[in-house]
Amino acid sequence: MQTAERRGIRLEALKAAFPLTVPIALGFLFLGCSYGMLMGTKGFTFIWPMCMSMFIFAGSMEFVTVNLLLSAFNPIAAFLLALMVNARHLFYGLSMLGRFKGLGWKRPYLIFGMCDETFAINSSTRIPENVDRGWFYLWVTLLNQLYWVTGATLGGVIGSNIPFDTQGLDFVLTALFLVIFLDQWTGAKRREHLSAAIGILASIACLTLFGTKNFMIPAMAAMIILFTLLRPYLDDPRDESADTPPEHTTQTDPTTTTTPEKEHTR
Amino acid sequence: MTMTIMQGVLTIAAVVAGTMLTRFLPFLIFPESKEPPRLIDYFGKVLPYAMTGLLVVYALRNTPILTGDHGIPELIACLAIITLHMWRHNMLLSIAGGTIIYMMLVQLVF
């Protein structure tokens with residue numbers, strides 16, 4: 001493929017991805033900064049938050065790791081704690097199995113960099129047909145990680161307080177999740193509404209029962225049980241009949257239209 | 001810092017390994033070359049909606065409902081976001097509006 005054409009594909013994808021990451025830029029620069037400053041106050045140079053934000057790239061776990069570094073050396077406990085705190089990523093992976101198919105060299109990085117915010121954007125956005133799927137996912141992932149690493153490094157370098165009052169700014173990420181939830185809700189049918197409602201209600205129930213620190217894994221277990229039980233109502237029967245002819249003969253077969261697009265992404 | 005640098009690096013490596021295992025495991029169990037079971041396919045369709053719901057609850061998990069301001073700033077800001085978003089359908093406007101309202105509430109009112 002021509003270099004100019006390739007650059008065009010990348011640029012189109014960047015144009016589609018960047019606006020969606022602007023709220024994350026604000027949230028990540030701020031939160032990353034406060035994380036870097038926290039490490040600074042505990043006596044770590046900026047190298048530590050910079051490397052940790054680059055390689056761990058899971059916000060809440062990085063805050064937890066600061067405490068791990070200040071207690072007795074126990075790498076096995078650290079490993080197990082990371083598994084538990086980040087268990088929700090397992091469900092992100094299951095959700096993206098199909099979407100990350102055929103993306104070649106981009107795929108390992110997309111999986112590596114799939115934090116909450118990146119997953120929320122990549123799983124909910126309906127990518128326009130003229131935009132390359134692989135490059136769109138890659139830009140969202142890369143931009144979000146850049147914001148986070150920049151914030152953490154800056155915070156580590158500054159080490160002291162930001163001059164203006166930022167209390168409440170972290171709400172920007174709550175607002176992001178709520179808006180994505182609303183978008184999914186309004187663009188969805190009855191089935192998806194039930195899925196969303198299960199997500200909210202199972203989480204609230206487990207939060208009340210198990211408390212803020214331990215509710216995530218019970219909530220995930222509850223969702224799997226509920227979704228398995230409700231499968232007869234929730235599973236789309238149209239997907240099962242892949243080899244039967246489509247209902248409307250005028251409709252183009254989705255598999256043939258996506259084939260050339262897949263070639264581009266390799 | 002109570003650890004040596006080497007111990008610190010090993011601790012971080014353990015955290016990276018744990019985190020990456022949670023991210024890569026589904027893709028290792030169900031590789032690209034093979035078609036995943038129908039049940040997994042079904043979970044992949046319904047879970048994104050449920051996980052966004054979980055993230056909303058997760059982001060609001062530390063809201064003090066029984067003490068302090070009883071989560072009134074969070075409630076007002078969320079209602080503002082819902083209203084703004086239903087009205088204009090503009091992601092950035094809804095997020096900026098809700099965050100500014102929340103910041104004003106926690107800094108000036110409560």
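Modeller: The answers below set values against definitions.
This is a predicted model, in which local features need pLDDT of at least 70, side-chain atom pairs count only at pLDDT 80 or more, and totals for chains, interfaces and linings use all residues. Residues are numbered from 1 along each chain as its sequence is written, chains are lettered from A in the order in which they are written, and side-chain values use heavy atoms, with hydrogens and water left out.

Colleague: Why is α9(A) called roughly antiparallel to α2(B)?

Modeller: The axes of helix α9 (residues 171-186) of chain A and helix α2 (residues 38-59) of chain B cross at roughly 150° and come within 9 Å. That angle makes α9(A) roughly antiparallel to α2(B), because angles over 145 degrees count as roughly antiparallel, those under 35 as roughly parallel, 65 to 115 as roughly perpendicular and the rest as oblique. Angles run from 0 to 180 degrees between N-to-C directions, and the axes are lines fitted to C-alpha atoms over the stretch in contact.

Colleague: What makes up the contact of α9(A) with α2(B), by class?

Modeller: Contact means heavy atoms within 4.5 Å. The contact has nine nonpolar, four polar and no charged residues (nonpolar: Ala, Val, Leu, Ile, Met, Phe, Trp, Tyr, Cys and Pro; charged: Asp, Glu, Lys and Arg; polar: the others, Gly among them).

Colleague: Why is α5(A) called oblique to α2(B)?

Modeller: Helix α5 (residues 88-96) of chain A packs against α2(B) at an angle of about 135°, with the axes 8 Å apart. That angle makes α5(A) oblique to α2(B). Among the residues that meet here are A:Arg88 and A:Tyr92 in α5(A), and B:Met51 and B:Tyr58 in α2(B). By class, the contact divides into nine nonpolar, two polar and one charged.

Colleague: How do you know how much area chain B and chain A bury between them?

Modeller: Buried area is the accessible area (1.4 Å probe) that two parts lose on being put together, summed over both. For chain B and chain A this comes to about 7500 Å², 76% of it on carbon and sulfur atoms. In chain B, B:Arg23, B:Phe27 and B:Tyr49 lose the most area to chain A, together 11% of what that side buries. The contact involves 70 residues of chain B and 97 residues of chain A.

How values were computed: Helix = DSSP H or I, 4+ residues; strand = E, 2+ residues; numbered from the N terminus.
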